[in-house]
Amino acid sequence: ADPAASRFAALFEALAAAGVKAEPAVWHDDFADEVAAQLRRAHAVLVWCNPIEDGRRRDRLDALLRKVADAGVIVSAHPDAILRLGTKDVLFETRDLPFGSDVHRVDSLAQLDSDLPQRLRHGARVLKQHRGHSGIGVWRVESAGDGLLTVQHAQRGSSPQRMDMATLKATLAPYFEPANGGHMIDQAWQPRLAEGMVRAYLVEDRVSGFGLQAVNALHPDAPMPGPRLYHGPELPEFQALKQQLEASWIALLRERVGLPRERLPLLWDCDFMLGETAADGAQRFVLCEINVSSVSPFPPSSIGPLVEAVRRRVGLSPAGQA
């Protein structure tokens, strides 16, 4: 692979300018042993790999990364950090924190059958598979009357469907298989989703930029999403969110999922929906998901902090110092 031709060309250049030698490592199960030998020679490994991709999973890669980390190589994101932060379970674990919402864990189709109709009486719900990306396995469900449901998959190109509970259970059954996590997360629909979401990019526990997008894949009356617009961490309208994340929310999140600060991913992001405005007029943000497995693209403002974090982790002095 040619670093100059990759989507990470700017990162390769910044690492080189900071005195860090970086080389690409392309992963595939078919040549896993070659990649393993390459990674064992490194001081640090930055990983971008989706949880599922074209029917493939990253189980073998995660096993390799654990062995590499146990041998002393810095791995980010470490598979254990992904499991604690980067699955939909984090919504259930943090449901009572300041950025939490009405969230339930559904452990079986029988539980879905008994509990979902009661919750739908109070409004639409969003059912999310344990681990995925790009809207795959995320479903908006709303009562349509006469025992029918309106169901919308968040994967791009999907259309609303009318179905009964039996059909919904058959549709969602694969997510309850042990290989797919064995459960789903049920989150209350956030009515302000049509106004878009804000993605806070983080390097360790500091905000390094923002991404704004009208992510309307599940909204019944919204147009297709537009491009995500990237901004630096100084974006004025989200300084309150930045301050909350850095001053307390990340610490609360780490403590709740049992992740030490030194195990935080070097680059990750949190997607927030707009919640109901508080009584004092303050904007409330509701966590939608956390992305850890493959955070790309990311704002250019994240590159400098990411390079410095890599240097710190491998024991190098900050760039520009002896």
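Reader: Why is Asp-59 called partly exposed?
Author: Asp-59 has a relative accessible area of 44%. Buried means under 20%, exposed means over 50%, and partly exposed is what lies in between (1.4 Å probe, protein chains only), so 44% puts Asp-59 in the middle class. This is a predicted model, where local features need pLDDT of at least 70 and side-chain atom pairs count only at pLDDT 80 or more, while totals for chains, interfaces and linings use all residues. Residues are numbered from 1 along each chain as its sequence is written, and side-chain values use heavy atoms, with hydrogens and water left out.

Reader: What makes Asp-59 and Arg-57 a salt bridge?
Author: Their closest N and O atoms are 3.0 Å apart. The rule asks for a side-chain nitrogen of Lys or Arg within 4 Å of a carboxyl oxygen of Asp or Glu, so this pair qualifies. Arg-57 is partly exposed too, at 38% relative accessibility. By this rule the count comes to 21 salt bridges.

Reader: And how do you know that Asp-102 and Arg-125 form one?
Author: The closest N and O atoms of Asp-102 and Arg-125 are 2.9 Å apart, so the pair passes. Asp-102 sits in the loop between H5 and strand E5 (103-106) and Arg-125 in strand E6, so the bridge ties together parts 23 residues apart in sequence. Helices (H or I, at least four residues) and strands (E, at least two) are DSSP runs, numbered from the N terminus. At 39%, Asp-102 is partly exposed, whereas Arg-125, at 4%, is buried.

Reader: What about Asp-269 and Arg-199: are they buried or exposed?
Author: Asp-269 has a relative accessible area of 0% and is buried. Arg-199 is buried as well, with 13%. These two form a salt bridge, with closest N and O atoms 3.4 Å apart. Asp-269 lies in strand E14 and Arg-199 in strand E11, so the link spans 70 residues of sequence. Elsewhere, salt bridges that share partners join Asp-102, Asp-115, Arg-119, Arg-125 and Asp-186 into one network.

Reader: Which residues touch the most other members of the largest nonpolar core?
Author: Leu-85, Leu-241, Trp-268, Phe-272 and Ile-290 do, out of 34 residues. The elements giving two or more residues to this core are helix H4 (79-85), helix H5 (89-93), strand E11 (197-203), strand E12 (206-213), helix H8 (239-257), strand E14 (268-274) and strand E15 (285-291). H8 gives the most, with six residues. A second, separate core of 17 residues includes Phe-8, Tyr-201, Leu-267 and Ala-309.

Reader: What makes something a nonpolar core?
Author: It is a set of buried Ala, Val, Leu, Ile, Met, Phe, Trp, Tyr and Cys residues joined through side-chain atoms within 4.5 Å. Take Leu-85: leaving out residues up to four places away in sequence, Leu-85 touches Val-90, Leu-253, Val-257, Leu-259, Leu-264, Pro-265, Trp-268, Ile-290 and Val-292. Contact here means heavy atoms within 4.5 Å.

Reader: Why is Gly-137 called buried?
Author: Its relative accessibility is 0%, so Gly-137 falls under the 20% limit. Gly-137 is found in the loop between E6 and strand E7 (138-145). Beyond four places in sequence, Gly-137 is in contact with Leu-127, Lys-128, Gln-129, His-153, Tyr-175 and Met-184. The C-alpha atoms of Gly-137 and Tyr-175 are separated by 7.7 Å, although the two are 38 residues apart along the chain.

Reader: How do you know that Ser-76 is buried?
Author: The value for Ser-76 is 6%, again under 20%, so the label holds. Ser-76 belongs to strand E4 (residues 74-76). Residues up to four places away aside, Ser-76 touches Val-45, Leu-46, Val-47, Pro-265, Leu-266 and Leu-267.

Reader: How much space lies in the largest pocket?
Author: About 1,300 Å³. Of its 43 lining residues, the closest to the centre are Glu-23, Pro-24, Ala-25, Val-45 and Leu-46. A pocket is an open set of points on a 1 Å grid over the protein atoms alone, where a 1.4 Å probe fits, with protein on both sides within 12 Å along at least five of seven lines; lining residues have an atom within 4 Å of a point. The volume is the space filled by probe spheres set on the points, which are joined across faces, edges and corners.
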